[in-house]
Every structure is written in structure tokens, then in C-alpha cells.
Amino acid sequence: MRVLVTRRWPEAVERALGERFEVILNDTDKPLSQAELAAAMGEFDVLAPTVSDCIDADVIGGGDRVKLIANYGVGFDHIDLAAAKAKGIAVSNTPGVLTDATADLALTLILMAARRAGEGERELRSGQWTGWRPTHLIGSALRGKVLGVVGFGRIGVATAERAKHGFGMTIAYYARGPKPEAEALDAEFCAELEDLLGKSDFVSLHVPGGGDTANLIDAAALAAMKPGSYLINTARGGVVDHDALADALKSGHLAGAGLDVYPHEPQVPEALLDLENVVLLPHLGSANAETREAMGMRALANIEAFAKGGDLPDPVA
Ligand code: DGY
């Protein structure tokens with residue numbers, strides 16, 4: 001079975017894959033072009049892409065050999081599922097193994113935004129720091145503040161647990177319906193997004209990307225947020241209207257924001273780059289060694305199941 005891995009994966013996973021299959025690795029780690037991805041559809045049995053690849057209908061239509069798209073990552077809004085389904089191509093992802101890492105990063109952003117850590121580091125490195133003073137770079141406390149979690153799946157819940165048990169925050173959440181995990185967190189269910197936005201001091205986004213959630217946080221949603229509150233996004237860039245976010249940060253309606261994801265990565269919306277009150281990270285949600293290896297092993301488990309003709313452990317949709 002021929003497998004194409006589109007980017008460098010952790011060494012242990014590349015080795016394990018190589019021991020089991022005929023694998024073509026991407027030693028340069030340069031993203032493949034759309035034409036190269038399309039050509040691969042006719043040359044391999046399994047395509048193993050990741051979030052930086054756009055597996056659209058044109059790519060999927062590029063050939064008839066691939067029968068499994070084994071995504072390295074939990075999010076799959078970069079894959080045209082309808083086009084895959086129409087060609088009888090299975091799609092798998094890597095859920096569960098990046099929950100803690102992503103929740104840790106959401107807390108990193110909450111803390112960095114609340115305590116103005118990026119501003120402080122920039123000031124210090126540029127030689128502008130003049131020393132300690134009572135009024136210098138004053139941020140916000142977390143204890144007693146409301147964290148509004150949008151999307152109460154695995155990562156949303158893990159973020160809420162950290163915020164509540166680690167930092168004494170109160171939790172509210174917006175989801176399709178009340179969730180059993182909310183009870184242990186004493187978390188308040190909000191049936192309306194606007195209700196959640198209006199009562200939260202920090203809003204953290206944990207919904208999948210794609211059609212339903214595109215621009216969920218638009219100008220009207222931002223206006224509904226509490227004055228002086230913070231927006232945190234570790235989900236997908238397309239969930240937020242970044243021009244409207246820049247306006248809300250400039251006007252001071254929002255005190256700050258922390259972002260790890262952008263609509264057209266690696267481009268970062270120009271309007272945000274000059275703002276001091278936004279923390280901008282380069283899609284680091286799952287970036288720790290243990291998690292990245294676990295993601296690869298999970299992708300490998302799906303490829304192995306496919307090779308044996310069994311059920312995929314992590315089928316998508
Ligand atoms: C995913 O798995 O979808 C993440 O965004 C990568 O960290």
C-alpha cells in the first residue's frame with residue numbers, strides 16, 4: 001500500500017509508517033502545491049495531509065487511486081468531505097489526543113491577554129522598559145471572572161476545567177443543548193450566543209471550523225460582548241470576522257484578544273499586526289512533542305485499520 005505524507009511528521013511516527021507501508025515522506029517539509037496534491041490522488045492508496053493542505057474538490061478529482069484521506073489533526077474543514085464521499089473515499093482524523101495541549105494553549109492565551117505578556121515582552125526586548133512602577137502594564141485578574149465557552153466539546157470542557165479549578169473562574173457555555181459535563185463545573189448553559197457574550201469577561205471559542213460557524217463572531221457578536229472583555233480563539237480562524245475584531249480592539253470595546261488561528265494561514269490579518277492588545281500565536285494549539293507524536297500514531301492506527309479492511313477508529317462524518 002502506498003502512502004503519501006504531505007508534511008514532516010514526528011520521527012517515531014515516520015519510522016513506524018515506513019516499517020509497515022511504502023511511504024513517501026516530505027523531507028523538505030515544504031507544502032505541496034494543489035497540482036501535486038491532485039496528482040497524488042492517482043498515485044497513492046492513502047493521502048495523509050494536515051491542516052496546512054487544502055484538499056478541495058479539484059484535488060480530490062485529481063485521480064482515482066486514493067481511498068483513504070488520513071488527516072493528521074482533529075479539524076477537517078480543509079477537506080471537502082462531500083467530494084470525498086462522492087468518490088467513495090474514507091476520511092479519518094485524530095480526535096482526543098490533542099485535547100489537553102489545545103486547552104493548555106487556550107489558557108496560555110487567556111493569561112497572556114489578561115496580563116499583557118506580549119506587550120511587556122515587546123517593551124522589554126526593545127529596551128523601552130523603565131522599571132517597576134505601580135501603574136505599569138496593568139491587566140486583569142481571572143479569579144471570579146466569567147469564562148464563556150463557545151462549543152462545549154472535549155477541548156471546550158478541558159479549557160473550562162483549567163479555568164475553574166486552576167484559576168477560580170466561573171464557567172458559562174453555549175452549545176446546541178445542555179451537556180452532562182457542565183454539572184461538575186457548575187457551568188451555566190446559555191441557549192443563546194448573545195446571552196453568553198453579554199455575561200462573559202473572557203470568551204473562548206471551541207467550535208469546529210467550516211460552513212456553520214463561518215464568521216460566528218461577527219461585528220454584531222462582538223458588539224454583544226461585555227465592554228472590556230477578551231476574545232480567545234484556538235478553534236479556526238474563519239470563526240471570527242477579523243476586521244470587526246480589529247475595530248473592537250481599537251475602539252477599546254474589547255480589552256484584548258488572544259489568537260492562535262487565522263482564516264488564511266500563514267497570512268495574519270494586517271489590521272491586527274499593529275495592535276498592542278492582541279496576542280498572536282502561529283497555530284501552536286497541539287504543538288508539544290507528546291501530542292504531535294500521539295496525533296501521528298492515531299493517524300497510523302487509521303491507516304492500519306484501512307489496510308486490514310477493518311473499521312476506521314476515527315471516521316469523519
Ligand atoms: C487540528 O488538529 O485541527 C489542529 O488545529 C492542529 O493543531
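Predicted model: local features only at pLDDT ≥ 70, side-chain atom pairs only at ≥ 80, totals over all residues.
Let me start with T291, which touches V97, L98, A101 and S286 when residues up to four places away in sequence are left out, a contact being heavy atoms within 4.5 Å. T291 is found in helix α13, residues 289–307, where helices are DSSP runs of H or I with at least four residues, strands are runs of E with at least two, and both are numbered from the N terminus. At 8% relative accessibility T291 counts as buried, the term buried meaning under 20% relative accessible area, exposed over 50%, and partly exposed in between, with a 1.4 Å probe and protein chains only. T291 and A90 are 201 residues apart in sequence, and their C-alpha atoms are 24 Å apart in space.

Residues are numbered from 1 along each chain as its sequence is written, and side-chain values use heavy atoms, with hydrogens and water left out.

The residues around the ligand are G73, V74, G75, L98, R236, H283, S286 and M295, each having a heavy atom within 4 Å of it. By class, this shell has three nonpolar, four polar and one charged residues, where Ala, Val, Leu, Ile, Met, Phe, Trp, Tyr, Cys and Pro count as nonpolar, Asp, Glu, Lys and Arg as charged, and the others, Gly among them, as polar. As for individual atom pairs, a polar side-chain atom of R236 lies 2.6 Å from an oxygen atom of the ligand, an N or O atom in the side chain of H283 is 2.7 Å from a ligand oxygen, and a backbone N or O atom of G75 lies 2.8 Å from a ligand oxygen. Taken alone the ligand exposes 230 Å², of which the protein buries 89%, these areas coming from the Shrake-Rupley method with a 1.4 Å probe.

T159 is found in helix α7, residues 154–167, and is buried, with a relative accessible area of 0%. Leaving out residues up to four places away in sequence, T159 touches A103, A106, L107, L147, S204 and H206.

Finally, some backbone features in loops. The peptide bond from E265 to P266 is cis, with omega near 10°, and P266 is found in the loop between β11 (254–259) and α12 (270–273). R116, in the loop between α5 (99–114) and α6 (117–125), has a positive phi near 55° although it is a residue other than glycine, and R116 is partly exposed at 27% relative accessible area. D186 likewise has a positive phi, near 50°, and is found in the loop between α8 (182–185) and β8 (188–190), where D186 is exposed, with a relative accessible area of 61%.

Note on methods:
Polar contact = N/O pair within 3.5 Å; in protein donor to acceptor, adjacent residues only side chain to side chain.
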